[in-house]
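Please open the structure in your viewer and keep the selection tool handy. We will go from stop to stop, and at each one I will say what to select and what is there.

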Amino acid sequence: MTVKEHYDHHLGNFYSWYTGDFNNNKGAFKTFCIEKNIGPEGSKVAIDLGAGNGIQSLALAEIGFDVIAIDFNKQLIDELIASANDLPVRVINDDIRNISKYPELKPELIVCCGDTLPHLESIDEIIKLLTDSYSVLIQGGKLILTFRDYSSELADTQRFIPVKSDNTKIFTCFLEYFPDKIRVTDLLYEFEDNRWVQKVSSYYKTRVTKASVTDILIKCGYKIVLDKNENRIISIIAQKN
């Protein structure tokens, strides 16, 4: 199953539930940006790649950016639009790999957060996305990436990750490791009609590391402004020289 099919037929149905309180998540990203001096300075345009339900998009709009939110999942896009109200957010239903189509937007900021980057099918696709992002950014523009650290493998029963549960849903994630890929199986139990119903879907992520991504960024021409790994979540801020 492709990543888009996985979101369209499975994960998109409960994505907002498992990611937790929207306002708290939005506030955390807004605080991160403010602490790292991320704010509108030039074109005021920010592109959110893989915007999902809008956590990053709305945070950026609240600190003064005109936001272009790009995502391929209609359900999450609809949730984003419903939450945006009068904020300056324009939504585009498209694949993030098509960012080279939008040079006229002249963004001073591009963000690709959550675990979106590994959703691309190969290292070559990641290289192309980061290269295209560099081309689209204005001079001095910044790129923010966050993604999970897959450099070390979980073993045996550690590969079963209890993500979230409540009285109506139980969500567990199972990981299988390969040299350049990770197979992710999202296992959801939902309580329907007085019984638990199992819903399962699998897809592949590209296995990336902090070192490999920073190396790609430097080769593209970026300067690394922030490079950290905290609780197996990698955060990188890079600037176009």
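Select K240 and Y134: K240 lies over the face of the Y134 ring, 4.9 Å from its centre. The rule for a charge over a ring is that NZ of Lys or CZ of Arg is within 6 Å of the ring centre and within 35 degrees of the ring normal. K169 and W17 give another such view, with K169 at 5.5 Å from the ring centre.

A word on what you are looking at: this is a predicted model, where local features need pLDDT of at least 70 and side-chain atom pairs count only at pLDDT 80 or more, while totals for chains, interfaces and linings use all residues. Residues are numbered from 1 along each chain as its sequence is written, and side-chain values use heavy atoms, with hydrogens and water left out.

Next, select Y7, F14, Y15, Y18, F72 and F171, which form one aromatic cluster. Rings of Phe, Tyr and Trp (its six-membered ring) pair if their centres lie within 6.5 Å; planes under 30 degrees apart count as stacked, over 60 as edge-to-face and the rest as tilted. The count comes to 11 aromatic pairs. Zoom in on F14 and F171: their ring centres are 5.0 Å apart and their planes stand at 75°, so this pair is edge-to-face. F14 sits in the loop between α1 (3-9) and α2 (15-19), and F171 in strand β7 (residues 169-177), 157 residues away in the chain. Helices (H or I, at least four residues) and strands (E, at least two) are DSSP runs, numbered from the N terminus. F14 and F171 are both buried, meaning under 20% relative accessible area (1.4 Å probe, protein chains only).

Now move to K26 in helix α3 (residues 22-35). Is K26 buried or exposed? With a relative accessible area of 13%, K26 is buried. Leaving aside residues up to four places away in sequence, K26 touches I55, L58, A59 and E62, where contact means heavy atoms within 4.5 Å.

F191 has W196 in β9 as its bridge partner. Between the strands are 2 residues, and D193 in the turn has a positive phi of about 55°.

Last, select C33 and C113. The C33 sulfur is 7.6 Å from that of C113, its closest cysteine sulfur, so they are too far apart for a bond; a disulfide needs two cysteine sulfur atoms within 2.5 Å.

Note on methods
Two strands pair if DSSP finds at least two bridges between them. Buried means under 20% relative accessible area, exposed over 50%, partly exposed in between (1.4 Å probe, protein chains only).
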